[in-house]
Every structure is written in C-alpha cells, then in structure tokens.
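Hi,

Here is the structure I said I would pass on.

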Amino acid sequence: MKEVIIIEDEKDIAELIELHLEDLDCKVKMFHNGQEGHDYAQKHPFDLMILDINLPGMNGIDVCRKLRAEKVNSPILMLTARSEEIDKVLGLETGADDYLTKPFSIRELLARVKANLRRVEIDTKSDEEESSIQFKALVLDKKKRKVSLNDERIELTPKEFDLLYLLAANPGVTYDRKDLLNLVWSYDFEGYEHTVNSHINRLRSKIEKDPTKPEYVLTTWGVGYRFNDQA
Ligand code: CA
C-alpha cells in the first residue's frame with residue numbers, strides 16, 4: 001500500500017483528494033498546516049506528498065525546501081494557484097517533482113498521482129553487472145537505485161533517477177521533452193514539458209561539475225537531451 005501525505009488547508013479539496021486516493025488503495029495522512037505536515041513527513045517515510053503552497057504554519061515552498069535539505073527525496077507534487085508560481089516551485093532549490101495548477105480536474109490529479117507513484121521499468125538484463133552503468137566518474141546502480149560520482153553518493157529523487165537511467169542506458173540517443181514525459185512520467189498531457197526542463201536542470205546541478213558545460217547530460221539544440229557517448 002502506498003503512503004501519501006496531503007498538506008492542504010482547504011478542507012473540502014483535501015478531503016476530495018483523500019477520497020479518490022483511497023480508491024487507488026493509498027494510505028492517506030492529511031494535514032491542514034504546513035509545519036505539522038513537515039514535522040510528520042520528516043520522520044515518516046512516504047511514497048508521495050501532495051503539497052499546497054499557501055498554508056498556515058509554513059508555506060509549501062518552505063516545506064519542500066526543508067524536506068529536501070533534510071535528505072527526504074520522496075516525490076512531491078505541488079498544487080499551485082497561479083501559473084507564475086511554477087518557476088519557483090520547479091526551481092533548483094525548492095526541489096518539487098511536479099506541479100498541478102488550481103483549479104484541476106480529479107482525472108488530471110489522479111493521472112499525476114499514478115505517474116509519480118510509478119517507477120520506470122527499464123529493460124535490462126537481470127544480472128547485477130548488466131544493471132549498472134559507468135561513464136567517466138559516474139556510476140548508476142539500477143538494482144539499488146543508487147548513483148555515485150567519484151565514489152560519492154548522489155541523492156536523487158525517484159524521477160531524477162529514472163530520467164538519468166533512461167538517458168544513460170541509451171547513450172547518444174536524443175529524446176525530446178515529449179518522449180521523456182511519456183517514458184519517465186507516462187503523461188499524455190500537453191504543456192508540462194517544463195517539468196522535464198526542471199528535472200534536467202536539477203540533475204545537472206547534482207552531477208555536473210559545471211552545469212552550463214555538462215559532460216554527462218547534453219542538450220541536443222532545438223530537440224531535447226541525450227547522454228554523452230564520447231568517452
Ligand atoms: Ca491553501
């Protein structure tokens with residue numbers, strides 16, 4: 001059973017989300033105050049958080065930023081009231097995985113929840129050696145979902161890992177943003193390519209020495225992204 005934390009002070013919205021998540025067989029913990037939600041999430045592992053921005057106690061941006069600083073890397077889906085908030089939400093230091101703009105349909109919310117709970121099954125041979133990828137100083141272990149750079153562990157969120165693994169398993173292959181949304185998030189919604197950009201930026205800030213001159217995740221101008229295949 002998946003554990004989902006909802007932090008939303010508008011009680012009717014929170015309860016509506018809770019009801020639908022229970023239909024998906026999720027165990028739901030609900031908070032109406034940012035501080036209380038943060039304190040719980042810090043101590044209890046969860047599979048997904050649905051987090052509003054404007055909250056009493058502590059706002060959603062700060063809840064997300066604090067949890068990331070405390071090395072809580074579970075997926076966080078933020079509910080934003082205005083489209084201007086998106087850049088901030090998906091910014092490097094906030095660390096949210098995804099967002100949904102209010103008002104949203106339940107169908108859209110549920111698709112998003114499922115996409116964030118799902119982990120990508122990338123075809124690899126089952127033995128352990130085949131499931132690890134090494135390129136220069138970067139090593140990805142699929143089985144343990146672990147990434148290290150120069151023998152130091154890098155903390156990635158599940159979607160960051162899936163994205164990096166997909167690219168690294170197919171070096172030199174360019175994926176456009178729509179491909180990546182489909183493959184990593186399983187979205188069939190238009191207009192959320194921004195989510196891909198923000199994940200790429202965040203990945204680069206974690207693995208690249210100079211994110212403006214990446215040596216692992218490269219930009220194919222005008223098309224999308226590819227993993228370096230030139231040693
Ligand atoms: Ca609110």
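Which residues are linked in a network of salt bridges? Glu 8, Glu 10, Asp 52 and Lys 102 are. Before you read on, keep in mind that this is a predicted model.

Glu 3 pairs with Lys 27, with 3.5 Å between the closest N and O atoms. Glu 3 sits in strand β1 and Lys 27 in strand β2 (residues 26–31), so this bridge ties together parts that are 24 residues apart in sequence. Both ends are partly exposed: Glu 3 has a relative accessible area of 27%, and Lys 27 comes out at 45%.

Arg 112 and Asp 98 also form a salt bridge, again with the closest N and O atoms 3.5 Å apart. Here helix α5 supplies Arg 112 and strand β5 supplies Asp 98, 14 residues away in the chain. Arg 112 counts as buried because its relative accessibility is 0%, and Asp 98 is buried at 0% too.

Then there is Asp 210 with Lys 213, at 3.6 Å from N to O. Asp 210 is partly exposed at 30%, whereas Lys 213 is exposed at 64%.

Back in strand β1 (residues 2–7), have a look at Ile 7. Its relative accessibility is 0%, so Ile 7 counts as buried. Leaving out residues up to four places away in sequence, Ile 7 touches a list of residues that includes Phe 31, Met 49, Leu 51, Leu 55 and Val 63. Asp 52, a member of the salt-bridge network, is also among the residues that Ile 7 touches.

Now for the domains. The domain assignment gives domain 1 (2–119) and domain 2 (132–227), and their C-alpha centres lie 23 Å apart. The contact takes 24 residues from domain 1 and 20 residues from domain 2. About 1,900 Å² is buried between the two, with carbon and sulfur atoms giving 51% of that. Asn 73, Leu 92 and Arg 119 supply 29% of the area that domain 1 buries against domain 2, more than any other three residues.

What about polar links across that interface? The rule finds zero salt bridges there, but five residue pairs are in polar contact. On the domain 1 side, α4 (86–89), β5 (98–101) and α5 (106–117) each supply at least two residues, and α5 has the largest share with six. By class, that side has nine nonpolar, five polar and 10 charged residues.

Cheers

Notes
Residues are numbered from 1 along each chain as its sequence is written. This is a predicted model: local features need pLDDT of at least 70, side-chain atom pairs count only at pLDDT 80 or more; totals for chains, interfaces and linings use all residues. Side-chain values use heavy atoms; hydrogens and water are left out. Domain bounds come from an automatic or database domain assignment. Contact means heavy atoms within 4.5 Å. Buried area is the accessible area (1.4 Å probe) that two parts lose on being put together, summed over both. A salt bridge is a side-chain nitrogen of Lys or Arg within 4 Å of a carboxyl oxygen of Asp or Glu. A polar contact is a pair of N or O atoms within 3.5 Å; within protein, one must be able to donate a hydrogen and the other to accept it, and residues adjacent in sequence count only if both atoms are side-chain atoms. Helices (H or I, at least four residues) and strands (E, at least two) are DSSP runs, numbered from the N terminus. Ala, Val, Leu, Ile, Met, Phe, Trp, Tyr, Cys and Pro count as nonpolar, Asp, Glu, Lys and Arg as charged, and the others, Gly among them, as polar. Buried means under 20% relative accessible area, exposed over 50%, partly exposed in between (1.4 Å probe, protein chains only).
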